[in-house]
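Welcome! Let's go through a few labels together and see what stands behind each of them.

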Amino acid sequence: DRVANWQAEYDLSFPLLSDADAAVGAAYDQPVRFGVLGRFSDFLGRMPEVVIVDRRGDDPEVAYVHRGSSTFDRPDLADLLDELDTLCATDSSETDQ
C-alpha cells in the first residue's frame, strides 16, 4: 500500500517494486550484511540497490544499476530521475539493438 500511495502521490509513470520479503533481492544476489540480524532489518543488513529496467522492447533490459556499498550509499533522487529522463528520451527501437 505504501508503494502504491507513493507512486500515486508523485504521479510516476513507471512501476515500482517493493521487496518486503527480500525475495527479488535474493534472486539478484543483493548483498546482506550482519548475518542473521541483517536478514531481519533492511536498514541494517540489505545493501541499497536500484535497478531501472527498460520494458519497451521485446526483451526487458537493465538500463541502470546502483549497488550500494553500505546502508547509507543510496543514489540521489535527482540522479535517478535524470537516468529515467535519458531513458525516456531514447527511442525504444534503439534499445532493441
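Q: What makes the meeting of the R67 and E49 side chains a salt bridge?
A: This is a predicted model, and in it the R67 and E49 side chains come to 3.0 Å, N to O. The cut-off for a salt bridge is a Lys or Arg side-chain nitrogen within 4 Å of an Asp or Glu carboxyl oxygen, so the pair qualifies. R67 sits in strand β2 and E49 in strand β1, 18 residues apart, and the pair links distant parts of the chain.

Q: How many salt bridges does a search of the whole structure find?
A: There are 2. One of them joins the side chains of R56 and D54 at 2.9 Å, N to O; that value is within 4 Å, so this pair qualifies too.

Q: Is D54 buried or exposed, and how do you know?
A: D54 has a relative accessible area of 5%, and buried means under 20%, so D54 is buried. Its partner R56 has 36%, which lies between the two limits, so R56 is partly exposed.

Q: How do you know that β1 and β2 pair?
A: Strand β1 (residues 49–54) and strand β2 (residues 61–67) share 6 bridges in the antiparallel sense. Pairing needs at least two bridges, so these strands count as paired. I52 has Y64 in β2 as its bridge partner, and the two strands form a hairpin with 6 residues between them.

Q: What makes up the largest nonpolar core?
A: I52, Y64, L80, L84 and L87 make up this core of 5 residues. Helix α4 (residues 77–89) gives the largest share, 3 residues. In soluble globular proteins, nonpolar side chains tend to be buried together.

Q: What does Y64 touch, not counting residues up to four places away in sequence?
A: Y64 touches V50, V51, I52, P75, L80 and E83.

Q: Which residues make the nonpolar surface patch of about 290 Å²?
A: V51, V53, V62 and V65 make it, and β1 and β2 are the elements that give two or more residues. V53, in strand β1, has 41% relative accessibility; patch residues need over 30%, so V53 passes that cut-off. That 41% also lies between 20% and 50%, so V53 counts as partly exposed.

Note on methods:
Residues numbered from 1 in each chain as written. Predicted model: local features only at pLDDT ≥ 70, side-chain atom pairs only at ≥ 80, totals over all residues. Heavy atoms only, no water. Helix = DSSP H or I, 4+ residues; strand = E, 2+ residues; numbered from the N terminus. Core = buried A, V, L, I, M, F, W, Y, C linked by side-chain atoms within 4.5 Å. Buried < 20%, exposed > 50% of the residue type's maximum accessible area, 1.4 Å probe, protein only. Contact = heavy atoms within 4.5 Å. Patch = residues over 30% accessible without salt bridge, like charges linked within 9 Å, V, L, I, M, F, W, Y side chains within 5 Å. Areas by Shrake-Rupley, 256 points an atom, 1.4 Å probe, with all protein chains shown as cover.
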